[in-house]
2 protein chains.
Amino acid sequence: MPIVTILPDGLRIQVDTELTLLEALRRASIQLPAICGGRGICGKCRVRIVKDSLTAPTEAEKKHLDRMIDSGFRLACQAKLIGDTIVDVMQNRASLVKQRLSIIGYEPSVEAKPGIMKVYLKIDKPTLENVKPYESIVREALTKLGFNISSFSLEALRKLPKALKYMGITVTIDGEEVIDIDGGDTRSSLYGLAIDLGSTKIAAFIVDLSTGETLYGDGIVNPQIAYGEDIVSRISYILESEENLEKLRIIVVDAINDLVSSICRMIGVDQNSIYKVTLVGNTAMHHIFYGIDPTSLVYSPYPAVSVHPIKAKASTLGLNVNKSAYIYSPPNIAGFVGADAVADILASRIYESDELTLLLDIGTNTEIVLGDRNLLLCCSAASGPAFEGMEIRYGMKAVEGAIERVKISSNGLNVEYTTIGSVKPRGICGSGIIDAVAEMYRVGVIDSRGAITDRTSNPRIRSTATGREFILAWSEETAIGEDIVISQRDVREVQKAKAAIETGWLILLKHYGARVEDLSKVLVAGAFGTYINPESAKIIGLIPDIPSDRVVFLGNTAGSGARLILKNNDEMNKAIDIARRVKYVEIAVDPDFHRIYLSSLGIPYMELIGFKSFK
Amino acid sequence: MPIVTILPDGLRIQVDTELTLLEALRRASIQLPAICGGRGICGKCRVRIVKDSLTAPTEAEKKHLDRMIDSGFRLACQAKLIGDTIVDVMQNRASLVKQRLSIIGYEPSVEAKPGIMKVYLKIDKPTLENVKPYESIVREALTKLGFNISSFSLEALRKLPKALKYMGITVTIDGEEVIDIDGGDTRSSLYGLAIDLGSTKIAAFIVDLSTGETLYGDGIVNPQIAYGEDIVSRISYILESEENLEKLRIIVVDAINDLVSSICRMIGVDQNSIYKVTLVGNTAMHHIFYGIDPTSLVYSPYPAVSVHPIKAKASTLGLNVNKSAYIYSPPNIAGFVGADAVADILASRIYESDELTLLLDIGTNTEIVLGDRNLLLCCSAASGPAFEGMEIRYGMKAVEGAIERVKISSNGLNVEYTTIGSVKPRGICGSGIIDAVAEMYRVGVIDSRGAITDRTSNPRIRSTATGREFILAWSEETAIGEDIVISQRDVREVQKAKAAIETGWLILLKHYGARVEDLSKVLVAGAFGTYINPESAKIIGLIPDIPSDRVVFLGNTAGSGARLILKNNDEMNKAIDIARRVKYVEIAVDPDFHRIYLSSLGIPYMELIGFKSFK
């Protein structure tokens, strides 16, 4: 199956051959305008091809693009995939501005069983000889069809008299409750909304609940970021004033409404036809969204307020969906392991695996899960923002101009790097930082304690007032007119970040009574994971040293989990069961915590700890 | 037990001796200001006594009232009841303006079992060694006490973190749901609100759900009256524009909120401590309150939209009570027999009686129920507004100056009457009209077809251009400077009104297969019933001719039914069972309808219909 790499973000997806590039991009949640419906007429889906393994240009393309074909332009709706292809949608940016956050993730296939359905009825009007209340007529018709109806929502009753003016009515049933009634046949409009509410990004997906198909997904930056990049800053803001919790809540609800409204406009879905909503997020985001004070999360012992599943009327929270629609959130596990981690576990299917699997969702706060069908352990590691490019001198987010791959030659310390968008570098993003530190270790620029060596006179290593640094890119090569370097302090930041994560999975292995060799798989969830080089991650000890073909990058499985519980009620029950089974390990209270952490600061992980000794 | 008659409305209540007049008035929902707490200091509860059977004036009264005692004034907080007393609160009108509608009614005694309770818990804070989410700590404490908790409302979760700052917390549980959490011990504040939503008046009652005691009730005029006295006019208004339904809904919700707020202020109850609401009303009022279009009720075959019980969050309807509180309405029976009739049946206990009982709730639309524990039949009669004083030349509402009792001597046709407030008459109210027509028949002023006779030369009978009329009060006696008369047309209106009702119960008797002689009891519900003279009602055929001691006036049983389902969940189940069991009879389609109606126009009921023939 060909891999399509999408610049400038570097998103990679694997798709079937014979798919048009337009469809492939759509699967990566990149929706190019295609006003003509993909018939090669409107030309709005023009993209620039960087590496081409596509079918030959069609007559339509030749007509539209003329000599631009020679400059690498194609119409995405016409070009079909043959092999690996790199496409740059940078120039389509205007129409894509909100779609640059990668929101897709691995999702196991499940049948559509959302607990909601629409039924079309033809109704006999009451007569004087047989005066029946409208509701009773509908109830009898549904009973005849085998439905067990316990109640009608007020909204359904309010719409009933008008609906009965039509020849037939469509009744929407959620469990045993009639939640909506429309005039005419609206059975084809039955949608659901899955929300992945992250600290940094919000992703929303519209799913056709009749088929289970995800129609469209899109992401935006969480606007709460104006009140702090991290959760602690936002909670500090909430502590300032009683009203600030509701303020942050409204900001995020408005953002979701805008996002959903733009998606719905694009794909022609009426928001009133969204009958079910699911939302996952970390515990703090979850609490803020539901208006629950999250400040306990920043005071020892950091308890959550609620970890139980939530079911509420979506409209009471301010979401613009059908007034009778319910919103569901799976349980949280603990203060720092939220419903998003439950969604990760659900989508990854670890909980039903025979093989011992480690799941990492790397971020400022990294959720770590270890287990199989018999035992599930989890913990949270305060890994900090280094892998998001923060606290690193030339660190930056994974956007255009960021160095994302680094190779250093043992011979002469020559540096090869690639940047997102293949432009002159402006800085270095998380995957580039991991590569750089791993390569620096491999070629001996740093030792196993992370110290930059002084035993070479290579000009790329230089001493400054604040310590030594390694020059990745000379100022002539960069877009910022200065050298891009990895400083001694940067290396230390990476060591601390990876040690936090490494300590987490080592302590989980200890609690499980297993060794690295017992691990069958390492799953890396989250958008960040998609871009890192597993070899480098292993070298620095971020992930355990197991064969790379057993390291799998899952992408945004929190979103996948939200879609799973949206589509299928059994998945919600599985999520509840997962949360009940997962044992939360408070790693900081483990007696070996400090010893393991100190060991983990080394590069690569020092083999001084025999796991057997923990058994 | 002494009877207290309260002028100007003529409300009568029976109370224990030794009660102060202030307490007696309070039981009749007349709340006089008593700023000093009933210690005879503030003097705000001064009332005028018309007929005195009270304890002697106290020193406090002597000091306060001085020579006013001789003019019949007393302090209600000081004077205790010895025997029957008549008190006039007319001069207290300013503080009573909203309380002049009689809202009390017979209510069987039931235990408090509202399905809601408060539990006080002392909570151990989470520790690092045992980090538990707040909700889980509360759940465990409740489980230990034997509660089965399925969920927490979002409101409860929102209040949980702040509540935990107290030494202990109070948890409010509705069924299996935790609906509220307060810091400290608030167990003594657990209230319910029962609403009787009539077309003309709205009554609200605050009940202490721990004890089942009704703390206070009050009534106001339904402000929708500005959009039409009767239901048909209000529905016409709704038909004018899409927004008018919501407009009428908001008007009534605002009125209820104002009423409840004034009651709560008076008795010192926090509206947030109202955790359960019940509402009864006729089908049209019920539909409008819940925002359900009632227009089908005015088009043949007049179906209701919904007759099923309703449960909804009170706050989503705009009621200012606890945000998690639910509002419940018992089922309606049919388009013209609403949840208020179910409440009447519930409060009267007909459905469990061994004796065949007839229940009438007389109004513009009269609900009629006939039955016993085995069979319940009901119908609705379009009796029109004659008994409310409308369509009657000198008709008026039952307020000060209305003739409410009439006696005519056979010898010389001398008229004795009493007016509400014992003032000069301004007109005649429903009970006076029934008395007048019955007396006119008894002394031969009208014949059995209702024609005013010409066979006497008594000056009280005179002919005019529009027909004959009978003079009740000469202009010299009246407050309006003209004679108050009963015209031939007035008699016809009374005949039509009573015939509609009489036809209703006759057809129900026919359907039941019973005769008037089989009736054990006649129950008259509704405020109007309280004031009518049963002998007169029997003479004109408004109620069946059975011994007067078996005619019982129940007062506002719709309000009683609302309080019963508020206090005790079994009562709600009984109401649902009643609605299921009651058989609605569409009297207009009965083949004997026209024959019975024409017979019923006569005074008294003509015995030409042998009920046995129907068997």
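**Entry 1: Ground rules**

I count two strands as paired if DSSP finds at least two bridges between them. I am working with a predicted model, in which local features need pLDDT of at least 70 and side-chain atom pairs count only at pLDDT 80 or more, while totals for chains, interfaces and linings use all residues. I number residues from 1 along each chain as its sequence is written, with chains lettered from A and ligands numbered from 1 in the order in which they are written.

**Entry 2: The three-stranded sheet of chain A**

I looked up the sheet in chain A with the order β22-β23-β24, and found it to be open, with antiparallel pairing. (Helices, H or I with at least four residues, and strands, E with at least two, are DSSP runs numbered from the N terminus.) β22 (461-464) and β24 (484-487) of chain A have a single partner strand each, so one side of each is left without a neighbour in the sheet. From one strand to the next I noted an average twist of 40° (axes are lines fitted to C-alpha atoms, for helices over the stretch in contact, and angles run from 0 to 180 degrees between N-to-C directions).

How many bridges pair β22(A) with β23(A)? I found four, in the antiparallel sense, with β23 of chain A spanning residues 467-473. Opposite A:Phe470 in β23(A) I saw A:Ile461. I then followed helix α11 (residues 488-512) of chain A, which packs on this sheet by touching β23 and β24 of chain A, its direction making about 60° with that of β24(A). (Residues are in contact if their C-beta atoms, placed from the backbone, lie within 7 Å.)

**Entry 3: From α11 to α15 in chain A**

I stayed with α11(A), which also packs against helix α15 (residues 593-600) of chain A at an angle of about 130°, with the axes 8 Å apart. That angle makes α11(A) oblique to α15(A) (under 35 degrees counts as roughly parallel, over 145 as roughly antiparallel, 65 to 115 as roughly perpendicular and the rest as oblique). I see A:Ala499, A:Glu502, A:Thr503, A:Leu506 and A:Ile507 of α11(A) meeting A:Phe593, A:Ile596, A:Tyr597 and A:Ser600 of α15(A). I sorted this contact by class into six nonpolar, two polar and one charged residues (Ala, Val, Leu, Ile, Met, Phe, Trp, Tyr, Cys and Pro count as nonpolar, Asp, Glu, Lys and Arg as charged, and the others, Gly among them, as polar).

**Entry 4: The six-stranded sheet of chain A**

My next stop was an open sheet of six strands in chain A, ordered β12-β11-β10-β13-β15-β14, with mixed pairing. At its edges I found β12 (214-221) and β14 (310-313) of chain A, each pairing on one side only. The twist here averages 20° from one strand to the next.

Do β13(A) and β15(A) run parallel or antiparallel? I found them parallel, with three bridges joining β13 (residues 274-281) to β15 (residues 326-329) of chain A. A:Val277 stands opposite A:Ile327 in β15(A). I also noted helix α13 (residues 557-567) of chain A lying across β10, β11, β12, β13 and β15 of chain A, at about 150° to β10(A).

**Entry 5: Helix α9, in both chains**

On the α9(A) side, the contact is made by A:Val342, A:Ile345 and A:Leu346, and on the α14(A) side by A:Glu571, A:Lys574, A:Ala575, A:Ile578 and A:Ala579. I noted six nonpolar, no polar and two charged residues in this contact of α9(A) with α14(A).

Among the residues in contact are B:Val342 and B:Leu346 of α9(B) and B:Ala558 and B:Leu564 of α13(B). By class, I have seven nonpolar, four polar and two charged residues for α9(B) with α13(B).

**Entry 6: A hairpin in chain B**

I found β11 (residues 201-208) and β12 (residues 214-221) of chain B joined by seven bridges and running antiparallel. B:Lys201 stands opposite B:Val221 in β12(B). Five residues lie between the strands of this hairpin, and B:Gly212 in the turn has a positive phi of about 85°.

**Entry 7: Where the chains touch**

I looked up the contact between the chains, which takes 36 residues from chain B and 35 residues from chain A. On the chain B side, α4 (134-144) and α5 (154-163) each supply at least two residues. Which element gives the largest share of that side? It is α5(B), with five residues. By class, the chain B side has 21 nonpolar, nine polar and six charged residues.

Note on methods
Contact = placed C-beta atoms within 7 Å.
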